[in-house]
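Hi,

Here is the structure I promised to pass on. Have a look at it first, and then read my notes below.

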Amino acid sequence: MNKVEELQKSRLFEGLLPEEIEMLAELTQHKKFSQGEVVFEQGDVGDCLYLLVEGSVDVVQKRKDGSQHVIAVLQAPDFFGEMSLIDKEYRSASIRAQSETAMLCLTNENLHSFARVYKNGFTLVVINIARVLSTRLRETNQKLLEKM
Amino acid sequence: MKALWLREVQAILGREDFLKWWQSLVDLEQKLAAVGSRFDELLAQVNLMDFRAEFTQKNAIDSLYLAGEYEDTAAQLLAEASEIENKSYEAVANFESQRIHVSDLFSRMGALEHNFLSAQTEAREERERLEKELREATVVYERENARKLSLWEEVEQMWARSLDINLGVSERRVKSKRARREAERLFKEAEQHKHSSKALQAEATEAEQKQKEIQQAIEDLRTSARKLFGCLVGEEFLYWPRRENVNEVYCVPINDHAEGFNIELRAKNIYLISRQRGVEFIEPLPPAGDVPEEEDGRIDDFFRRGRPGENAV
């Protein structure tokens, strides 16, 4: 797996300079999950974001009655876990590997290292996260409106 | 130990003596891993062999006990056989007496029958008397004859029992011999296992010694690095204080580490750590030259750029 190439495919790192991507590549770690394995649980402390490189994952939420529902399926080059980098809250959903999955993991601390060296690069990453969250919010608003 | 500039650390890492030192260390660590693995394997084999020796010895002892039991049983049966044999002689004698007695009764009965048949023309009282005598003689004869047959049955039963016992004795004797042979074989096997265990133990001791020698060689190599390269040598890293920033240290991993640290590490690459946290948090080197922020127009571009498409609010 060429980490630089994988990072370049992601919307999260759009607009970054080559040297910024290279530093981020050094700061990310490979992770592998087998089918059915849980990446993290709803309610866990969130301390890293994940970029899917291979395979797919279910985004699962638990209702108050305890029942679990798959609310989305993500595939490469989607990413998840980014909300915790911004609001530092607990995980809002569980992530479970649907198949053999490979990911790149970027922790808060490693992102902080990047931010200290490349301030503008970090700002762009945060702008990209905000864009994605904004898109999701528009879609959610639209769905709510249709149901009313 | 003095703090170094990055270029000085890079120069050290490029030197031929450093590369030789590093290769020697990696080779020794690989040898240590191989010898350590062999030592563990030998220890496991020694334990297994010891267990086998003990287990086989136990089985040999059990076999010996079994042989003894068979012999005891055979002896008991032999005693019983002798007793039955003696009783059977008595039974045969009894039968013979009874047979002679029955023969006499048969002769008497025959004579009475003859008298009775001959006395057809005699007086009625005489005929009745003879008939009664014949009847009584017949009853006695049949009773005694039945007794004779019963005595013979008894004799035959004793002989059958005696045969049964004799066969049983010989079977147990054979089993006892077999159990003893098995016990001998198992004792020999147990000895062989003990012998093997000793040989393995010797080999394990040798491997342990070799391990210690290699560990010492690694220690010596680490110690020499401090003098040769002016660095601190940890278990897995070399360290040089950073001249550019007194709170930071350059660290160079001796081996690759895909896991176990906050980033993936490659051997002989230079990384940065803080004095306080050490290798608990490792960072890649910052870029050689900074991009002047006034030249980076990306953030300004983001704010200057127009709204995308129709979805803008």
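A word on terms before we start: helices (H or I, at least four residues) and strands (E, at least two) are DSSP runs, numbered from the N terminus. Please keep in mind that this is a predicted model, in which local features need pLDDT of at least 70 and side-chain atom pairs count only at pLDDT 80 or more, while totals for chains, interfaces and linings use all residues. Residues are numbered from 1 along each chain as its sequence is written, and chains are lettered from A and ligands numbered from 1 in the order in which they are written.

Let me begin with chain B. Its secondary structure comes to four helices and five strands, and from the N terminus on the elements run α-α-α-β-β-β-β-β-α. Of its 313 residues, 17% count as buried, where buried means that 20 or more other C-beta atoms, placed from the backbone, lie within 10 Å of the residue's own.

Two hairpins follow one another in chain B. Strands S1 (residues 232-233) and S2 (residues 237-241) of chain B run antiparallel and are joined by two bridges; strands count as paired if DSSP finds at least two bridges between them. Three residues link S1(B) to S2(B) in this hairpin, and B:Leu232 has B:Tyr239 as its bridge partner. S2(B) is also joined to strand S3 (residues 248-253) of chain B, again antiparallel, by five bridges. Here six residues lie between the two strands of the hairpin, and B:Leu238 is partnered with B:Val252.

Now to chain A, where four strands form an open sheet in the order S1-S8-S3-S6, with antiparallel pairing. Strands S1 (29-33) and S6 (79-80) of chain A are its edges, each pairing on one side only. Within the sheet, S3 (residues 48-54) and S8 (residues 101-107) of chain A are antiparallel partners over six bridges, and A:Tyr50 sits opposite A:Cys105 in S8(A). Helix H4 (residues 108-117) of chain A packs on this sheet and touches S3 and S8 of chain A.

Finally, how many residues of chain B are in contact with chain A? There are 15, and they meet 17 residues of chain A, with contact meaning C-beta atoms, placed from the backbone, within 7 Å. Strand S5 (278-284) and helix H4 (298-304) of chain B each supply at least two residues of that side of chain B.

Enjoy exploring the model!

Best wishes

Notes:
Contact = placed C-beta atoms within 7 Å. Axes fitted to C-alpha atoms, helices over the stretch in contact; angles between N-to-C directions. Buried ≥ 20, exposed ≤ 12 C-beta atoms within 10 Å, placed from the backbone.
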